[in-house]
Amino acid sequence: MKSITTLLFGLILIAVTGCTSEKKETAKMELDYASGLEINMLDGFTKIDVKDPWQPGKLLQSYILVHRDSTLPEELPQGTLVRVPLQKVLVYSDVHATVMNELGCIDAVNSVCDAKYFKTEAIVKGVANNMIEDCGSSMAPSVEKIVSQSPEAVLLSPFQNAGYGVLENIGVPIIELADYMEQTPLGRAEWIKFLGLLFDKKELAFEIYDRICNEYKKLKDIVPQNVRKPRVLVETVMSGVWYVPGGQSYRANMLKDAGADYPWADNESSGSLPLDFPQVLDKAADADIWLINTWGTPLTNKSLLGIYPHNDQIKTYSESGVYYADTQATSIIEGTAFHPELLLKEYIKVLYPNALPDYSLNYYKPMVIE
């Protein structure tokens, strides 16, 4: 009897130990909103899967993060090995450099592409002082310059069916940050956790993300309810094509959170919709608010007609409802990508001025009337 009891106890102990061991080996990180990431904290490494936003069920890339001071585990799953924290990186976009600056790891940037579009002070000064290498256009970067800087990784935004040419042959991990394809503003903001893990800034990244979520939700709560929602149009026709955000894009969802009536809210796309002027006019001629991004110049009623002579057919053109944001002079693109609460506040102020009586617009300005 004693031997049977001992045997049963041993079997139970093995079962419990087995369960405990399995939990230690794999701990899936629960994400709140990000649908394009899967993060698993394993024994000795972290596995991050970046999902393909254009092909459901497929992956863009799997990254195996191992601390640079640790011995490589004997067995690793398939994926791109990245030694973290990264200390030397090539960055393609100021969107990600801005986040790195906030995380306190901007010093890891030793090279960039499209340097003229960066506004982060440390990058601008670094390029000017030749401390950060300008590797040229992101469409055709200088391989010689990249190799001379020996980056440990390249941080960039992937595009559908786009390759990376010679970059793929120099043996440097390409970190595909598909944050801009998230369908919700907080989903995109949650990618700061990925960047935090790359630079050993996990706790700070999580702390920043939590603050963003709390502020965003507070702003949503002050949007007036049971009132007529202002109809909102964005951007304008350029070279015959008017790109509007699809109804499931993060920008369309942010407009919804701000209490807007967005004409394409029922559309199922999370990307941009290429339309012509008549198609836009058919759905948005009665727009109350019109939000337009410009580059390096103020928007006037005359310049808006210069862009397209029939823009005055939009009702709000003559009713003081057109606002513009100069993307060269402001950080509306790079500063709000991972901080959607900042842009949500702008939208609410434009749509419902009385909801934020003490707030002044930082990015948008009313169209200048000449």
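Start by selecting Asp179 and Arg188: both residues are buried. Show their side chains and you'll see them meet in a salt bridge, with 2.8 Å from N to O. Keep in mind as you look around that this is a predicted model. In general, side chains of opposite charge can pair when their charged atoms come close.

**Next stop: Arg231**

Now select Arg231 and Asp261. They form another salt bridge, and the closest N and O atoms are 2.8 Å apart. Here the pair links distant parts of the chain: Asp261 sits in the loop between helix H8 (250-257) and strand E13 (272-275), while Arg231 sits in the loop between helix H7 (202-221) and strand E11 (232-234), 30 residues away. Which of the two is buried, and which is partly exposed? Arg231 is the buried one, at a relative accessible area of 16%. Asp261 is partly exposed, at 29%.

Asp286 lies in the loop between helix H9 (277-284) and strand E14 (289-294), and Arg231 in the loop between H7 and E11, so the pair ties together parts that are 55 residues apart in sequence. Asp286 is partly exposed, with a relative accessible area of 40%.

For a further charged group, select Arg228, Asp288 and Lys315. Salt bridges with shared partners join these three residues into one network.

**Into helix H8**

Color residues 250-257 to bring up helix H8. Six of its eight residues are buried, so H8 is largely enclosed by the rest of the structure. The buried ones are Arg251, Ala252, Asn253, Met254, Leu255 and Asp257. Then step just past the end of H8 to Gly259, which takes a positive phi of about 85°.

Switch to a surface view and pick Leu72, Leu76 and Leu81. Together they make a nonpolar surface patch of about 210 Å². Zoom in on Leu72: its place is in the loop between strand E4 (59-67) and strand E5 (80-84). Leu72 is partly exposed, with a relative accessible area of 36%.

**A buried loop residue**

Go to Ile106, in the loop between helix H2 (94-103) and strand E7 (109-112). Buried or exposed? Ile106 is buried, with a relative accessible area of 11%. What does Ile106 touch, leaving aside residues up to four places away in sequence? Show Ala97, Met100, Asn101, Thr120, Ala122 and Ile123, and you have its contacts.

Most residues other than glycine have a negative phi, and most peptide bonds are trans.

- Val84 to Pro85: the peptide bond here is cis, with omega near 0°. Pro85 is found in the loop between E5 and strand E6 (89-91).
- Asn130: its phi is near 60°, a positive value in a residue that isn't glycine. You'll find Asn130 in the loop between helix H3 (121-128) and strand E8 (133-134). It counts as exposed, at 69% relative accessibility.
- Asn161: although not a glycine, this residue has a positive phi of about 60°. Asn161 lies in the loop between strand E9 (153-156) and strand E10 (174-176). It is exposed too, with a relative accessible area of 77%.

**Zoom out**

Finish by showing the whole protein as a cartoon. There are 11 helices and 16 strands to find. The C-alpha atoms fill a box of roughly 95 × 55 × 40 Å, taken along the principal axes. Of the 370 residues, 47% count as buried. Among contacts between residues at least 6 apart in sequence, 57% join residues at least 24 apart.

The protein exposes about 18900 Å², and carbon and sulfur atoms supply 52% of that. Color by charge, too: there are 33 positive and 48 negative charges, and their mean positions are 3 Å apart.

Key: Residues numbered from 1 in each chain as written. Predicted model: local features only at pLDDT ≥ 70, side-chain atom pairs only at ≥ 80, totals over all residues. Heavy atoms only, no water. Salt bridge = Lys/Arg side-chain N within 4 Å of Asp/Glu carboxyl O. Buried < 20%, exposed > 50% of the residue type's maximum accessible area, 1.4 Å probe, protein only. Helix = DSSP H or I, 4+ residues; strand = E, 2+ residues; numbered from the N terminus. Patch = residues over 30% accessible without salt bridge, like charges linked within 9 Å, V, L, I, M, F, W, Y side chains within 5 Å. Areas by Shrake-Rupley, 256 points an atom, 1.4 Å probe, with all protein chains shown as cover. Contact = heavy atoms within 4.5 Å. Lys, Arg positive; Asp, Glu negative; His and termini not counted. Charge placed at Lys NZ, Arg CZ, Asp CG, Glu CD.
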